[in-house]
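Hi there,

Here is the structure I promised to pass on to you. Have a look at it first, and then read on for my notes.

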Amino acid sequence: MKNSQHTKQFCLLPLRVQIPIAYNKIQSITECKKDLVIALDGMRIYPCQIEAVNNSEYNVTCGTGKKATIEHHEIYKMIGIDDQLLLLYRKNPDDPGVLFAMTQTEKLPIQVCKGVVNFAANVEFSGTDSTSSPTIAVIVDTSIIILRLSVTESLEGVTRKWVELHKVQIRTQCLSVAIALPSILVQCPSQNVTVNLSQKINENDYMILSNSANNSENPYNYPNSPNVFFVYTNKQASLMNTSKNFALVNTPVKFQTPQIEHAKADNLYASISHNNVTVYNFESTRQKRIVSSLSFPECNHICSYQSKYFIVSNEKQIFLVTECTEAYHNIIEGNLDQAVASIKNLNTDILAAIFEQLWQAEFKQHALSMLKIKELHPALIDIVNLFKMIKTDGLKSDTKYLNFASQTDDQKLAKILTDSLIAIRGTNPSEYTRKIVDTALFEIYAYQEDIPKLSAFIDEVPLLSNESIRAFFNEVESPTYAMYLAFIGNNTEAMEVFKKLQNMDQVILDEITQQMIRNSSDWKFCKANTTWLIQISPLHACRVLTSESVKSGKALKFCKKHFEKFYPTVLHGILDHKDVMNRSDLVNNYAKCICQLLLGLNDENFNRDSVAFCKCVIANPNASIQEIEEELGNDFIDVLRRFPKDTDANNLLFLVNQIPSTRVQVEIYRAAGNVEKALSLIWGDKNEDPDIAVLEQFCRESSDPSAAFMVLIKLMKEKLPADKEMSVLMNLLAQNMSVIDVSSALANINENQKLEDVASFLESSYRKLVTMRKDAELDAAFASSNEFESEYQRIRLESQSIQLTTQTICPKCKQPIGYQYVLRAPNGTLYHWKCLQANQT
């Protein structure tokens with residue numbers, strides 16, 4: 001990409017001047033004899049040497065400071081000329097002041113002139129009058145006085161004195177002056193005045209030319225070339241040719257706000273307001289014209305440096321105006337790699353400077369995209385602080401990279417920041433960067449009250465700055481604050497916060513349940529909080545009691561004693577727990593309990609309190625009998641299918657005919673192994689039009705699908721008419737060939753069946769069988785290969801040693817691993833077995 005394709009862009013590169021004293025305000029800045037001179041409050045002057053390492057890095061060395069104190073005065077303006085530093089002091093901002101001069105070697109400043117309104121240093125151009133000594137123009141009252149430095153040497157030493165050369169009477173108030181000998185341009189309130197000091201009318205008077213002008217607002221002028229002056233007034237800047245009746249050389253550059261200071265470097269000008277720096281030129285063609293504005297809140301001063309740089313300052317900091325056109329536009333266009341390649345020396349300062357300008361120019365999304373550049377990561381603490389919701393009180397940085405970017409609470413930008421932080425987190429950053437990332441992510445999720453994301457994030461064991469998190473919450477009790485308390489181990493305090501919440505939705509109840517499950521090894525804690533939770537949400541309380549981390553015997557005993565009506569739910573939940581010793585007894589007790597409830601549903605004296613544990617009843621106390629029957633039937637069928645070996649199906653057969661639910665009867669017959677009876681029930685009285693899909697599904701779900709299908713085929717032969725039997729049978733075989741003994745099934749075909757009725761089926765069946773055989777061979781080959789790979793990986797993992805000490809902490813519960821059962825995650829992290837099981841629930 002070529003720079004000419006885009007408007008030039010600049011950024012503010014911080015010059016980290018290490019001034020050895022504390023100060024409150026930078027009074028002025030200027031260049032003097034290749035040094036950057038800084039005037040501070042208290043009238044202390046410091047020269048600084050700036051060495052360019054490359055186009056984006058500078059070394060700044062601060063020299064020995066001087067105190068240039070004039071009692072009751074402050075430095076208003078400062079200009080360097082040759083080795084002379086000229087300082088205009090004022091008591092009050094609107095009053096004339098006293099002009100002093102000093103050099104680096106002199107201890108005290110020398111008074112130059114009193115009653116000074118403004119002054120300017122002579123600018124020399126080739127082909128014009130040259131001077132051997134520094135020359136200045138000073139406004140005193142309504143006159144312009146031209147002074148030149150005179151240096152004399154004697155035995156007593158060197159004497160410096162400013163001598164008056166000319167005095168020009170303008171005879172009206174003068175506001176600003178510029179001098180390029182022999183020409184002078186003066187801005188007055190209602191006119192511009194030019195004087196040629198080489199053209200006198202008489203011994204005392206000079207030829208004065210003027211034109212009408214309105215110079216009411218911050219007038220300023222500066223020589224651009226012989227007879228052509230830069231002129232600013234009334235929010236516009238232009239070039240004026242004084243030899244051609246004050247004609248404007250160009251179209252003026254207009255500003256939105258008043259500009260307070262100006263500077264020239266090479267062929268560029270820069271003007272500052274209190275919020276912006278504008279860099280521009282006066283080229284006539286659109287392609288060469290430059291007008292670029294930089295955001296710089298609280299900007300106070302500007303000067304040129306070595307005639308090719310601009311340096312600006314606010315009350316505390318100093319910046320170098322640096323071009324960044326190519327990188328700036330590449331970032332906006334999404335070409336980060338090209339942007340990085342365009343910066344000759346990539347460092348955090350230049351990246352942060354570009355970031356800040358993009359952010360202030362309302363390209364905030366593009367600025368945040370720069371977080372993909374790792375060299376910007378040292379500025380991460382400043383970037384996250386741009387978001388109002390984030391607090392980083394406990395995270396300090398020695399270097400501040402963003403100096404004036406404004407804060408935002410835009411949640412769309414927060415989402416972009418979140419994605420960027422997650423990406424940084426995956427790059428294995430330093431501990432300090434990781435703490436910034438994790439703290440910011442935690443606070444964003446908490447601010448957005450995104451409990452599921454916050455919960456999942458906590459599961460990853462983030463590295464948090466607790467001081468920052470405490471500042472973020474500021475002791476305001478909320479669900480996310482409770483989650484934080486639990487994360488740092490204050491579980492009892494966390495539950496107390498949860499209990500004070502006025503509104504608890506499903507998400508909050510889920511989180512409370514997870515917190516209780518994580519700490520269910522503390523049975524006292526678990527009992528106390530389950531007693532509270534069961535009043536709020538019985539189903540969530542039952543989830544706690546049925547978690548793997550709670551001993552099943554304790555859970556059943558506690559529920560039976562305190563919350564007996566929810567005993568069936570807890571019993572159902574613990575049936576598959578590993579610590580259950582009498583599983584068969586519990587399974588049959590549960591089955592018997594549900595059977596009795598199903599039998600009594602249609603009794604007019606049925607007690608609805610006996611089904612208070614049902615989800616539908618908890619959600620709606622007036623739930624219909626059909627809803628209750630469906631839920632009980634689902635739970636009963638679930639147990640029969642999950643625990644077929646533990647179920648005493650024969651006892652259930654005595655009750656089967658009394659149970660009103662056909663699908664429950666079917667499951668009892670299935671559990672008892674009476675497939676034929678089960679299929680007959682499904683078939684029902686629809687002899688010629690049964691629901692074949694339901695019958696197929698039953699057979700496929702049976703413990704022996706092939707045998708079940710053979711029973712179904714036999715049933716079909718008995719109940720279907722001959723003309724329909726063959727088509728149904730062929731379709732059944734075609735759809736379930738992988739689980740049916742086809743040869744046995746074909747034996748059921750009638751001997752007098754015509755060959756053409758089964759020919760197409762036999763042909764397609766043969767093709768399917770061949771395909772199935774080939775697929776089986778491929779599957780076997782892959783299985784063998786995978787088995788070898790698994791064995792290899794197992795041997796590798798088994799060969800790794802795992803060291804357990806008293807300092808080994810489980811990331812889930814943050815307790816020592818100790819000598820409990822341990823699981824090793826694929827990434828090598830060690831967990832308590834119960835902690836991982838609790839997470840899975």
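**A proline in a loop**

P182 is found in the loop between β14 (176-180) and β15 (183-188). Please keep in mind while you browse that this is a predicted model. As background, most peptide bonds are trans, and most residues other than glycine have a negative phi.

**Two loop residues with positive phi**

K33 sits in the loop that links β2 (26-32) with β3 (35-40), and its phi is near 55°, a positive value in a residue that is not glycine. R171 belongs to the loop between β13 and β14; this residue is not a glycine either, yet its phi is positive at about 65°. Are these side chains buried or exposed? K33 has 60% relative accessibility, so it counts as exposed. R171 also counts as exposed, because its relative accessibility is 60%.

**The open sheet**

β13 takes us to a sheet of seven strands. The sheet is open, its pairing is antiparallel, and the strand order is β7-β8-β9-β10-β11-β12-β13. β7 (74-81) and β13 (157-169) form the edges; each has a single partner strand, so one side of each has no neighbour in the sheet. On average, and ignoring direction, neighbouring strands of this sheet are turned by 45° against each other.

To see one of the pairings in detail, zoom in on strand β10 (residues 110-121) and strand β11 (residues 135-140), which are joined in the antiparallel sense by five bridges. There, V116 has V140 in β11 as its bridge partner.

Next, please find strand β19 (residues 228-233).

β19 pairs with strand β18 (residues 220-225), to which it runs antiparallel, through five bridges. Y220 has Y232 of β19 as its bridge partner. The hairpin of β18 and β19 has two residues between the strands, and N227 in this hairpin takes a positive phi near 75°.

β19 also runs antiparallel to strand β20 (residues 236-241), and six bridges join the two. Here the bridge partner of V228 is N241 in β20. The hairpin of β19 and β20 again has two residues between its strands, with N234 at a positive phi near 50°.

**Helices**

Helix α1 (residues 325-332) is mostly covered, with six of its eight residues buried. Those residues are T325, A327, Y328, H329, N330 and I331. Against which elements do the buried residues of α1 pack? They pack against β29 (318-323), α2 (336-342), α3 (348-360) and α4 (364-369). Just after α1 comes G334, which has a positive phi of about 85°.

Further along there are two helix pairs to look at. Helix α7 (residues 431-447) packs with helix α8 (residues 451-459) at an angle of about 155°, and their axes are 8 Å apart. Angles over 145 degrees count as roughly antiparallel, so α7 is roughly antiparallel to α8. Their crossing is left-handed. On the α7 side, D438, L441, F442, Y445 and A446 meet K453, L454, F457 and I458 of α8.

The other pair is helix α12 (residues 506-518) with helix α13 (residues 523-536), which pack at about 160° with axes 11 Å apart. That angle makes α12 roughly antiparallel to α13, and the crossing of these helices is left-handed. L509, I512, T513 and M516 from α12 meet F525, C526, N529, T530, W532, L533 and I536 from α13.

**Domains**

The domain assignment of the chain lists domain 1 (582-672), domain 2 (674-753), domain 3 (766-793) and domain 4 (803-838). Taken over C-alpha atoms, the centres of domain 1 and domain 3 are 42 Å apart.

Happy browsing, and best wishes

Note on methods
Residues numbered from 1 in each chain as written. Predicted model: local features only at pLDDT ≥ 70, side-chain atom pairs only at ≥ 80, totals over all residues. Heavy atoms only, no water. Pairing = 2+ DSSP bridges. Helix = DSSP H or I, 4+ residues; strand = E, 2+ residues; numbered from the N terminus. Axes fitted to C-alpha atoms, helices over the stretch in contact; angles between N-to-C directions. Domains from an automatic or database assignment. Buried < 20%, exposed > 50% of the residue type's maximum accessible area, 1.4 Å probe, protein only. Parallel < 35°, antiparallel > 145°, perpendicular 65-115°, else oblique. Left-handed = near helix turned anticlockwise from the far one by under 90°. Contact = heavy atoms within 4.5 Å.
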